[in-house]
Amino acid sequence: MSNHIATRESEMSLAELRGDCARMAPHWVAHPKSAPVRVAPSRIHGVTVPAASARLIDAMSDYGD
């Protein structure tokens, strides 16, 4: 572990951040993902969406247009 004193986020440069990430990358192991099990549409039932939520999503341009 380093004797380095952490600086405030606003004082950290992008190069320092990238260096920190590169040093930590070997510690993060990504396990292979298995394919999700498909569920038959006939087994999906009982899902309700409140009207206010449906209107909110409908009003968003990413979803409603």
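**A helix pair and a surface patch**

Asp-20 and Arg-23 sit three residues apart in helix 1, which is about one turn of the helix. Their side chains meet in a salt bridge, with 2.2 Å from N to O. Please keep in mind that this is a predicted model, with an average pLDDT of 79 for the protein.

- Side chains of opposite charge can pair when their charged atoms come close.
- Asp-20 is partly exposed, because its relative accessible area is 31%.
- Arg-23 is classed as exposed because its relative accessible area is 54%.

**The nonpolar surface patch**
- Four residues, Val-39, Ile-44, Val-47 and Val-49, make up a nonpolar patch on the surface.
- Together they have about 400 Å² of accessible area.
- You will find Val-39 in the loop between helix 1 (14-24) and helix 2 (51-59).
- Val-39 has a relative accessible area of 48%, so this residue is partly exposed.

- A pLDDT of at least 70 is reached by 78% of the residues.
- Confidence is highest in helix 1, at 89, the helix that holds both Asp-20 and Arg-23.
- Helix 3 (residues 61-64) has the lowest confidence, with a mean of 62.
- Where pLDDT is low, the predicted coordinates should not be read in detail.

Note on methods:
Residues numbered from 1 in each chain as written. Predicted model: local features only at pLDDT ≥ 70, side-chain atom pairs only at ≥ 80, totals over all residues. Heavy atoms only, no water. Patch = residues over 30% accessible without salt bridge, like charges linked within 9 Å, V, L, I, M, F, W, Y side chains within 5 Å. Areas by Shrake-Rupley, 256 points an atom, 1.4 Å probe, with all protein chains shown as cover. Helix = DSSP H or I, 4+ residues; strand = E, 2+ residues; numbered from the N terminus. Buried < 20%, exposed > 50% of the residue type's maximum accessible area, 1.4 Å probe, protein only. pLDDT = per-residue confidence, 0-100.
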